[in-house]
Amino acid sequence: MSQTAQQPSAEQQPAGGPDDGVPPHRYTPALAQRIELAWQDRWESEGTFHTPNPVGRLAEGFERVAGRPKFFVMDMFPYPSGAGLHVGHPLGYLGTDVTSRFRRMDGDNVLHPMGYDAFGLPAEQYAVQTGQHPRVTTEANIAAIRAQLRRLGVDHDDRRSFATIDPGYYRWTQWIFLRVFGSWFDRSAGRARPIGELVAELDAGTREPDPGTDPTGRPWAELDDVERRRVVDAHRLAYLHEAPVNWCPGLGTVLSNEEVTPDGRSERGNFPVFRRPLTQWMMRITAYAERLLTDLDRLDWSDSLKQMQRNWIGRSTGARIGFPVGVAGRADDAAPETIEVFTTRPDTLFGATYVVLAPEHPLVGALTAQAWPDGADPRWTAGAATPAEAVREYQRQASRRSELDRQDAGREKTGVWLGVTATNPADGRELPVFIADYVLTGYGTGAIMAVPGQDARDWEFAEVFGLPIVRTVQPPADFDGKAWTGPGPAVNSANGELSLDGLDVDAAKAAIVDWLAARGAGEATTTYKLRDWLFSRQRYWGEPFPIVYAIDGEDADLPVAVPDAMLPVLLPEVDDYSPKTFADDDADSAPEPPLSRAADWTTVELDLGDGPRKYRRETNTMPNWAGSCWYHLRYLDPGDDERMVDPELERYWLGPRGPGDVGGVDLYVGGVEHAVLHLLYARFWHKVLFDLGYVSSEEPFRRLVNQGYISAYAYTDERGFYVPAADVEERDGQFLYEGRPVDREYGKIGKSLKNMVTPDEMIAAYGADTFRVYEMSTGPLDQSRPWETKAVVGSQRLLQRIWRVVVDEGTGAPRAADVEPGEDTLRALHRTIAGVRDGFATLRFNIAIARVTELTNHLTQVYGADSPVPRSVAEPLVLLVAPLAPHVAEELWSRLGHDASLAWHPFPDADPRWLVEDTVQVAVQLNGKVRAQVSVPADADAAALEAAARADEKVAAHLAGRTVRRVVAVPGRLVNFVVG
RNA sequence: GCGGGAGUGGUGUAACGGCAGCCACGCCAGACUUAGGAUCUGGUGCCCUCGGGCGUGCGGGUUCGACUCCCGCCUCCCGCACCA
């Protein structure tokens with residue numbers, strides 16, 4: 001490639017024939033294509049965008065950048081779907097590319113890698129349909145996207161690319177899983193620790209098992225080995241758990257809460273989802289709820305995104321209060337039970353008039369009375385002969401009811417009485433206990449005290465069931481509504497020992513919680529909406545778990561980690577990639593993962609330290625999100641076979657920049673659709689790795705920006721059918737397709753709206769540089785915008801004008817010469833430099849382009865078509881535009897006589913001398929309205945400014961005969977006369 | 001309902017509390033052309049009696065001065081939503 005290096009000019013033939021009137025060396029789309037392909041080849045062959053690491057395999061050339069600050073910029077990596085990119089997809093990739101190129105020129109050691117998120121449902125579903133191995137389609141799709149990205153001219157370091165399906169990558173995904181499995185959350189320390197330390201402390205008697213981890217209730221010392229294993233397993237951050245899960249028969253798999261849409265369907269495929277108890281792998285993300293919440297404050301993310309995560313974590317503070325249930329009416333051998341409720345309003349305890357359990361609450365069976373008491377309200381019994389019958393029927397209905405119905409706040413409240421009462425600990429009143437589906441199993445304790453006077457939902461239920469309503473907060477005098485949830489003094493809230501009456505809400509809360517705590521009847525507590533992460537999928541195309549279970553023996557079915565040295569656990573070949581799927585609405589079906597049918601693979605003989613034994617493998621696979629939880633770490637050296645990541649590389653690229661800094665990627669750009677799923681999971685894993693000492697950064701992504709979306713107009717004819725948007729004409733404000741009027745809509749780009757526009761089409765018509773400039777010119781990166789193909793020509797014209805400033809269109813020779821620019825030109829240049837830098841630094845590339853356009857237009861006017869352009873202006877112009885339109889900039893730079901790529905050339909600096917004017921125009925206002933302009937020296941003080949203004953004829957005319965009450969003169973800006 | 005964000009020409013947008021509309025698309029006119037869907041130049045917020053008047057969703061407020069800050073509405077977009 002040395003020939004290319006010395007003679008990089010891509011121009012091999014004139015752009016047009018002699019007869020068509022187009023100058024032979026004009027920057028036409030055809031020339032743009034040749035330039036772009038040639039420079040893409042050269043960048044690749046020279047390794048222009050190889051980023052050196054400080055140490056290790058990729059350290060070559062580091063001495064060149066050792067003194068530079070590091071800058072790690074990253075895109076949310078794509079899922080290679082095969083559907084192809086449309087013009088909306090590259091927006092973020094181009095934003096990071098411009099930033100990356102700018103920061104490199106401006107003196108940073110920039111890391112800008114790209115990988116592929118490649119496990120997942122679409123490839124698997126395609127495989128199920130065609131029998132083609134998902135790896136084959138996935139790899140073909142990756143190759144296609146990689147080619148498209150290359151054609152856009154992005155500056156990724158190709159040596160650092162990988163896909164999550166690479167065994168060399170998912171080996172470490174499995175390794176991280178084992179670290180999570182191999183640790184527990186020490187609540188006293190507020191962090192994860194290796195599980196071995198837990199065992200040591202339990203053995204030493206310095207620690208008791210966490211509550212709820214030991215079903216035997218016996219001391220640790222008295223437990224046998226298997227019982228101890230179970231206790232330890234219950235502490236792990238990755239644990240097996242039988243619980244109601246989101247079972248999706250149509251997909252044949254379970255889904256995490258986050259993968260279920262609010263209307264109770266699968267996010268992928270839109271199939272119905274049912275709640276069903278199953279044993280599944282869970283990740284204890286809830287242990288990190290507090291840190292995930294509070295550390296948001298330390299991140300440079302948008303407020304809206306932080307707010308979404310806060311809402312998802314859903315912290316709320318309140319109290320747990322016990323409501324004892326007596327034995328009266330229950331089975332003869334029933335022991336007394338206490339219903340624990342969670343409330344954020346303990347101050348309203350005296351207003352509680354009934355208690356409600358979720359239908360799935362574990363105490364429901366034990367609390368249900370044998371028979372209805374005499375005179376039971378028919379509204380409470382649902383017409384059933386016994387409480388047990390009513391409960392069974394209600395539970396059945398609740399499990400059948402889709403999440404949509406269940407969460408529809410407008411639906412009338414339903415429920416049944418258990419036939420028993422619970423005692424209000426504050427005043428000893430007996431309150432009826434119901435089950436009702438407006439109380440959710442997974443939140444709080446799955447049980448509430450109902451306070452209709454202060455809660456709209458409880459009020460509604462009380463009205464339907466004829467339950468008493470007691471106000472315990474005095475509403476304002478003019479309030480005539482139902483439940484009052486606002487502030488006010490407590491009323492009706494006293495017992496023999498305690499009175500809350502007159503206290504405001506906060507004071508009443510404090511008083512009642514103290515009183516309850518003193519009698520062991522309750523305590524202040526915090527709960528979260530966030531639930532543990534369901535981590536198993538019954539799919540083929542995902543990472544296998546590095547977990548086996550003994551087949552025989554006392555410890556059968558307890559999970560055992562596959563030793564690190566035996567990783568990766570490779571995905572086996574199978575004949576059928578599909579999980580067993582069922583009719584969409586078959587709620588009673590049970591999962592059957594494809595790996596369970598790989599008979600040779602599922603059982604294995606291993607020696608895990610106590611001799612060879614037979615084990616069965618875990619046949620679930622990890623969810624799609626696993627691979628994207630840590631890929632930022634693998635970019636640092638994807639070829640490292642020794643470690644997940646070299647700690648020294650992690651410290652260099654991701655480590656904190658100072659005390660208290662969270663560290664992480666310096667700029668992470670991607671779509672807002674990952675606001676809770678990916679970003680919460682990735683933060684969680686990163687924090688676990690931090691706690692265990694594998695990384696020095698507390699957060700994965702220091703700064704995050706959501707790029708906007710590109711939408712496009714679509715058109716429907718009189719029948720409501722979409723017509724091809726590309727063929728619609730606008731005439732006099734009317735939109736016409738084949739001469740007939742059509743209606744305009746605005747929406748997602750895609751086949752269904754017939755408004756698809758692809759980068760390939762745009763690149764073919766204009767070249768990648770024009771496409772890049774157009775996309776970046778339409779607004780700040782984070783802003784959504786409409787696509788308008790007809791406007792692309794503006795960007796094409798800009799690049800043509802820049803080309804024409806630097807190159808003679810007739811001869812192809814550079815027009816730059818060593819002539820001195822005029823002062824106007826110098827000012828224009830340096831103002832442009834300052835503006836472009838500002839635009840790049842703030843991701844408002846539209847500003848940078850506007851300033852470059854101004855400079856170009858200035859040069860076009862001043863230097864015409866023939867006079868030589870000062871080299872000292874032409875060269876900076878080329879450098880300024882280089883991050884936006886890198887190919888044409890490289891070509892011009894080379895024609896200006898430079899052998900080396902400009903990718904590493906210093907970005908121009910604005911000379912402050914040329915940013916200040918000698919004389920400035922200042923506005924003269926009367927009462928805030930501009931009446932005149934005066935020209936004054938830039939350094940004129942207030943008095944000089946006022947004098948100059950008064951000397952102006954127009955101003956004098958305005959001031960004549962009027963009283964000047966006040967003069968505001970701001971040097972360099974304006975004079976304002978306040979007149980009477 | 002709760003939370004977040006945004007409302008500026010025909011369109012995308014721009015304006016440290018200081019001349020509202022930079023730059024571009026579109027449109028209008030002109031130049032060069034056999035020709036123009038090329039290129040270049042000029043114009044283009046609205047109204048006007050050509051003096052000027054009015055203009056940043058609406059209404060108030062702070063200020064010498066508000067697109068910008070504060071309060072209250074309206075509209076649109078996004079997220080969450082029976083979360084106790």
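Lysine 751 counts as exposed because its relative accessibility is 67%, and the cut-off for that label is over 50%. The model in which this residue sits is a predicted one. Lysine 751 belongs to the loop that runs between β27 (743-748) and α22 (759-766). In the unreviewed UniProt entry, the annotation "binding site" covers Lys751.

Chain A is divided into domain 1 (53-164 + 626-706), domain 2 (316-527), domain 3 (710-756) and domain 4 (917-979). Between the C-alpha centres of domain 1 and domain 2 there is a distance of 49 Å.

Now turn to helix α7, which covers residues 167-181. How many of the 15 residues of α7 are buried? The count is 12, so the helix is mostly covered. The length of α7 can be checked: at 1.5 Å a residue, its 15 residues should span 21 Å, and the end C-alpha atoms are 20 Å apart, which agrees.

The same kind of check can be made on helix α25, residues 823-841. Its 19 residues should span 27 Å at 1.5 Å a residue, and the end C-alpha atoms lie 27 Å apart, so the two values agree. Just after α25 comes leucine 843, which takes a positive phi of about 60°.

The next step is to see how helices pack. Two packed helices are described by the angle between their axes and the distance between the axes. For α25 and helix α27 (residues 871-881), the angle is about 15° and the axes are 11 Å apart. α25 is therefore roughly parallel to α27, because angles under 35 degrees count as roughly parallel. The crossing in which α25 passes α27 is left-handed.

A second pair is formed by helix α23 (residues 768-777) and helix α24 (residues 792-806). These two pack at an angle of about 120°, and their axes are 8 Å apart.

Key:
Residues are numbered from 1 along each chain as its sequence is written. Chains are lettered from A and ligands numbered from 1 in the order in which they are written. This is a predicted model: local features need pLDDT of at least 70, side-chain atom pairs count only at pLDDT 80 or more; totals for chains, interfaces and linings use all residues. Side-chain values use heavy atoms; hydrogens and water are left out. Helices (H or I, at least four residues) and strands (E, at least two) are DSSP runs, numbered from the N terminus. The expected span of a helix is 1.5 Å times one less than its number of residues. Buried means under 20% relative accessible area, exposed over 50%, partly exposed in between (1.4 Å probe, protein chains only). Domain bounds come from an automatic or database domain assignment. UniProt positions are given in the numbering used here, feature names are shortened, and annotations may be inferred rather than shown by experiment. Axes are lines fitted to C-alpha atoms, for helices over the stretch in contact, and angles run from 0 to 180 degrees between N-to-C directions. Angles under 35 degrees count as roughly parallel, over 145 as roughly antiparallel, 65 to 115 as roughly perpendicular and the rest as oblique. A crossing is left-handed if the near helix is turned anticlockwise from the far one by less than a right angle, and right-handed if clockwise.
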